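Hi,

Here is the structure I promised to pass on. Have a look at it first, then read my notes below.

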Amino acid sequence: MLPSILTVAIAVAAGVSAGSVVPQSGSCKCVPTDACWPSHSEWDAFNKTVGGSLIRNVPLGSPCHDPNYDAVECQRLRDNWVQSSLHDESSTSMMTPYWANQSCDPFTDRARPCILGTYTQYAVNISTVAQIKKTIAYAKKKNIRLVIRNTGHCFMGKSTGYGSVSIWTHHLKGMNFFNYQSESYSGTAVKVMAGVQTGEIYAEAKKRGLMIVGGECPSVGFAGGYIQGGGHSPLSSIYGLAADNTLSFEVITAGGDLITASREQNSDLFWALSGGGGGTFGVVWSATVKAYKDVAVAGAICSFSTTDTLSYYSALNFYHTQTPAWTDKGAFAYAFYQKGYFQMWPLFYPGGKGAQVEAMIAPLKKRWSELGLAYTCEVTTYTNFSDAFYALFVPVTVGGFQFGGRLIPRSIVNNANKLISFVDIAKSIVEDGTAAIDVAIKAGSSNADNAVNPAWRNAEFMFLPATTWSNDPADWERMLADREKITHVYDAALKQITPGGGAYMNEGDGDEPDWKQAFFGSKYDKLLKIKKKWDSAGIFYARNAVGSDAWEVLQDGRLCKAH
């Protein structure tokens, strides 16, 4: 759990470490309350070395608090707080409210102090490799926590940290499509700079008659935590995860060197960056990935509502018996359900035709009719991937849910008794008033040798319990209680039917107690060796990332060496 924001506020105001004994010098990163924290003149001097690109961060919510209160601007922020576009351009903001820990929250009382709290203290707006090298060197010299971030679209708390300086890559927007030639791959590829977002790649690929293995949210940064964490996609049942499609990375290491990591050069680092998690092995400057010829797409959107509990869960059970045949064909299915309501939005079939999708969902419609459900299903076709993507996927807002998660193996779906056990757990979650997100995908079709969690390779779908997030400050304690429930009730039950299994490190429980097994599985030990080789001093820290247990976050928010 996070330290109390009140504890951090007291520490900042008093100049002491509240709630804990100040550790011995050198064992902790310096924070603004410490004598070792750089003075304003030192930060100014550093700013000159990075071409004036240093930003002294001010939280987005500042206009909602005295003495900077602006009623009109505050209302605009509150009205748009769930829109990713509001946060994308901020050097501090996070799209998951929990990790902000009510630091300068626009929904709290205007009289409450606006402090940076868990937000990064400074950011360097990166445009050159030299700026990254100088920021790494300065963080080392001054013993300051370092964070790598693009958009702040992170459910797991990796893109922020109290008393830190961030390498902010958001404005690195270059992209280049070209013919790639190597021993392992010959064909079309795209080199993507670290700040490029998924929707930007989709737009450029469409112009060229191409498509890319990218995610379902167009605002997500592509080359950072998404691809380094594995990266599922509507194309994954055909081409594997995003990490399975990497060809090379340009990386600035902890030692300050710009290197290329590929199957041919620095292959261990390439292996780790392809699925081993973001923010911990180095600063990715660019990623080069495979591009594919664009295809037509057929899709379906189906939904139903009912108060008949027996029929509802019978329908849900039958739905899961159908997805293996769909994913075997290369399709992807995204479902959302809550008490009495189910929607498949969408079934996405790249290269498919409308008649094929009709045939795929025919057994589903038949069974739902037998159960007396008043369902709707609509099948549509599109001439290219991008048009289908924007038409079939619901626009994504941010900060609306807290997630748990587990990858559910196909062996459960293929066994009637085990499937009933899963549906019983899903029922207990949904009947408790919690929503569920269910992503059917066959990521095992790739034979890529990389750091992707092995649990992906035999999974049929990813299941995410999702409790609703409230921005009402009066609900804060309830939100914390929901997190506890996700960890100790919902995910605990899912683990019982998936022993030795795993979860998706980018979309799961940020408080996962067994995070090494859940997010990395058998790959962790090899990843840790690579981490120690390329970052022996632990300059790069991210929560629940490889090697992160060498550090601990104290109650006052400071990052210290673990003992």
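Cysteine 154 is buried at 17% relative accessibility, where buried means under 20% relative accessible area, exposed over 50% and partly exposed in between (1.4 Å probe, protein chains only). Its sulfur is too far from any partner for a bond, because the closest cysteine sulfur, in cysteine 217, is 13 Å away. Cysteine 217 is in no disulfide either, and is buried too, at 11%.

Before I go on: this is a predicted model, so local features need pLDDT of at least 70 and side-chain atom pairs count only at pLDDT 80 or more, while totals for chains, interfaces and linings use all residues. Residues are numbered from 1 along each chain as its sequence is written, and side-chain values use heavy atoms, with hydrogens and water left out.

Now the bonded cysteines. I get 5 disulfides, taking a disulfide as a pair of cysteine sulfur atoms within 2.5 Å. In sequence order of the bonded cysteines, the pairing reads 1-10, 2-3, 4-5, 6-7, 8-9.

- Cysteine 30 and cysteine 36 have their sulfurs 2.1 Å apart, and the link is left-handed, with -125° about the S-S bond. Cysteine 30 is buried at 5%, whereas cysteine 36 is partly exposed at 40%.
- Cysteine 104 and cysteine 114 sit at 2.0 Å, sulfur to sulfur. Both lie in the loop between helix H5 (97–100) and strand S2 (122–125), so the pair ties together parts 10 residues apart in sequence. (Helices, H or I with at least four residues, and strands, E with at least two, are DSSP runs numbered from the N terminus.)
- Cysteine 302 and cysteine 377 are joined at 2.0 Å. This pair links distant parts of the chain, strand S12 (residues 297–305) and strand S15 (residues 375–382), 75 residues apart.

Finally, isoleucine 212 touches residues including Phe177, Val190, Leu235 and Val289, leaving aside neighbours within four places in sequence; contact means heavy atoms within 4.5 Å.

Cheers
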